[in-house]
Amino acid sequence: MSATTVLRRLAWIATVFALGVIVFGAFVRLSNAGLSCPDWPTCYGKATWPGHEHEIAHANANFDRPVETHRAWREQVHRMIAGTLGLLVLGIATAAAWRRWTWVGALGVAALAAACAVRAYMLGHAGLSGSLAAIAMILPLLAAWRIERPAPWRVAIVAFSVIVFQAMLGMWTVTWLLKPVIVMAHLLGGLLTLVLIAYVALRLSWTAAPTAALRRLQPMVVVGLVLLAAQIALGGWVSANYAALSCGLDFPTCQGRWWPPMDFGEGFVLWRGIGVNYEGGILDGPARTAIQMTHRIGALIVFGHVGALAWLAIRRGRRGLGLVIGALLCLQVSLGIGNVLLDLPLAVATAHNGVAALLLLALLALLVRTQLPLPAAPPRPL
């Protein structure tokens with residue numbers, strides 16, 4: 001079996017796994033379990049979570065936050081599956097660098113540095129931990145820059161750097177008490193990881209040349225991806241600031257008005273310092289309303305652009321993919337409206353996150369379909 005085949009198969013496995021991590025992470029966040037383990041990467045000092053009465057009593061005596069077992073398991077299981085994804089991405093990066101022994105070694109050093117960074121943090125050496133994490137992120141980027149392979153191989157190596165940073169964001173999400181900009185960045189980091197490894201899988205699986213008409217669609221697809229990413233970021237900002245129901249159960253109006261009182265300046269302050277507990281949100285009504293209304297306006301823009309893109313994809317020979325994009329777009333809008341009208345049920349809110357990720361993948365697949373085939377594989381070095 002060739003290294004390219006291994007890389008492609010690992011990328012597909014990791015893509016499915018990453019999608020599951022994103023959906024489960026949304027479930028954790030939306031069920032208010034984000035701070036259910038007050039420490040990181042352990043949970044009340046345990047590799048799992050307190051379950052027996054004596055463990056719960058010990059945890060309650062040594063931590064400020066009382067144990068809520070029904071929430072703690074969600075947070076810690078999310079960390080476990082995210083760590084498994086990290087190992088998968090390391091495998092993908094290694095497969096991409098295979099037979100380039102210098103860069104395989106660099107990835108090994110990066111993985112060791114990442115593991116040591118976690119241990120240093122657990123021992124209270126935050127500065128050393130940050131330095132080791134920086135090494136773990138820089139080495140894969142250097143390898144991707146220097147290795148002489150086509151884009152999918154480079155992207156596969158970059159993905160390992162991204163997932164190391166994603167782990168840091170996960171740590172900061174807990175230690176900085178659900179700071180909204182970190183929560184939003186953590187969501188985007190997970191989606192970026194998904195996009196990178198999915199791009200590797202799709203690019204290595206699709207070898208047909210696009211038509212000229214489909215090639216001309218590429219700039220519009222790129223704009224669609226950017227718009228959708230911005231809208232997902234807005235959705236993360238809505239969730240992190242607990243603004244999903246700031247309009248009440250009112251749609252398409254908000255609080256009975258088309259333009260209710262709003263405070264955009266306060267609603268979009270990204271940095272408010274460290275030490276504030278953001279669980280439950282700290283913004284007043286007008287600031288949260290501004291966030292919600294901005295998300296609704298963004299949804300209209302994305303719906304118009306991506307809807308037109310789906311129609312054009314059908315017209316230019318990608319009927320199946322165009323129909324999938326259109327169906328996912330309509331489903332996503334319906335779930336967003338359902339969140340408001342149904343008082344934010346957990347299942348609907350979680351599905352809203354999952355379908356956003358699927359729509360992003362569908363647009364990525366369309367982008368790959370507009371690209372020229374990869375060049376022939378280079379000869380093996382002597």
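Asn32 is partly exposed, because its relative accessible area is 34% and the class in between runs from buried, under 20% relative accessible area, to exposed, over 50% (1.4 Å probe, protein chains only). Its phi is near 60 degrees, a positive value in a residue other than glycine. Asn32 sits in the loop between α1 and α2; helices here are DSSP runs (H or I, at least four residues), as strands are (E, at least two), numbered from the N terminus.

Before going further, a word on the model: it is predicted, so local features need pLDDT of at least 70 and side-chain atom pairs count only at pLDDT 80 or more, while totals for chains, interfaces and linings use all residues. Residues are numbered from 1 along each chain as its sequence is written, and side-chain values use heavy atoms, with hydrogens and water left out.

Let us stay with the backbone for a moment. Arg99 also has a positive phi, about 75 degrees, although it is not a glycine. You will find Arg99 in the loop between α3 (69-96) and α4 (101-122). With a relative accessibility of 39%, Arg99 counts as partly exposed. Then there are the cis peptide bonds. One runs from Trp40 to Pro41, with omega near 0 degrees, and Pro41 belongs to the loop between α1 (3-30) and α2 (53-62). Another runs from Phe251 to Pro252, with omega near 10 degrees; here Pro252 is in the loop between α9 (218-240) and α10 (264-267).

Two packed helices are described by the angle between their axes and the distance between the axes. The axes of α1 and α13 come within 9 Å and cross at roughly 145 degrees. Those axes are lines fitted to C-alpha atoms, for helices over the stretch in contact, with angles running from 0 to 180 degrees between N-to-C directions. The crossing of α1 and α13 is right-handed, a label given if the near helix is turned clockwise from the far one by less than a right angle, with left-handed used if it is turned anticlockwise. On the α1 side the contact (heavy atoms within 4.5 Å) is made by Leu19, Val23, Ala26, Phe27, Arg29 and Leu30, and on the α13 side by Leu346, Ala349, Thr350, Asn353, Gly354, Ala357 and Leu358. By class, the contact of α1 with α13 has nine nonpolar, three polar and one charged residues; Ala, Val, Leu, Ile, Met, Phe, Trp, Tyr, Cys and Pro count as nonpolar, Asp, Glu, Lys and Arg as charged, and the others, Gly among them, as polar.

How far apart are the end C-alpha atoms of α12? They are 33 Å apart, which agrees with the 33 Å that the 23 residues of α12 (residues 319-341) should span at 1.5 Å a residue; the expected span is 1.5 Å times one less than the number of residues. After α12 comes Asp343, whose phi is positive, near 70 degrees.

Glu75 is in helix α3, and at 8% relative accessibility it counts as buried. Leaving aside neighbours within four places in sequence, Glu75 is in contact with Val28, Ala33, Gly34, Ser36, Cys37 and Val174. Leu234 lies in helix α9 and counts as buried at 18% relative accessibility. Not counting residues up to four places away in sequence, Leu234 touches Phe268, Thr294 and His295. The C-alpha atoms of Leu234 and Ile291 are separated by 7.8 Å, with the two residues 57 residues apart along the chain.

Finally, the aromatic rings. Rings of Phe, Tyr and Trp (its six-membered ring) pair if their centres lie within 6.5 Å; planes under 30 degrees apart count as stacked, over 60 as edge-to-face and the rest as tilted. By this rule the count comes to nine aromatic pairs. Phe165 and Trp172 form an edge-to-face pair, because their ring centres are 6.1 Å apart and their planes are at 80 degrees. Trp172 and Trp176 are stacked, because their centres are 5.5 Å apart and their planes are at 10 degrees. Ring pairs link Phe165, Trp172, Trp176 and Trp271 into a cluster.
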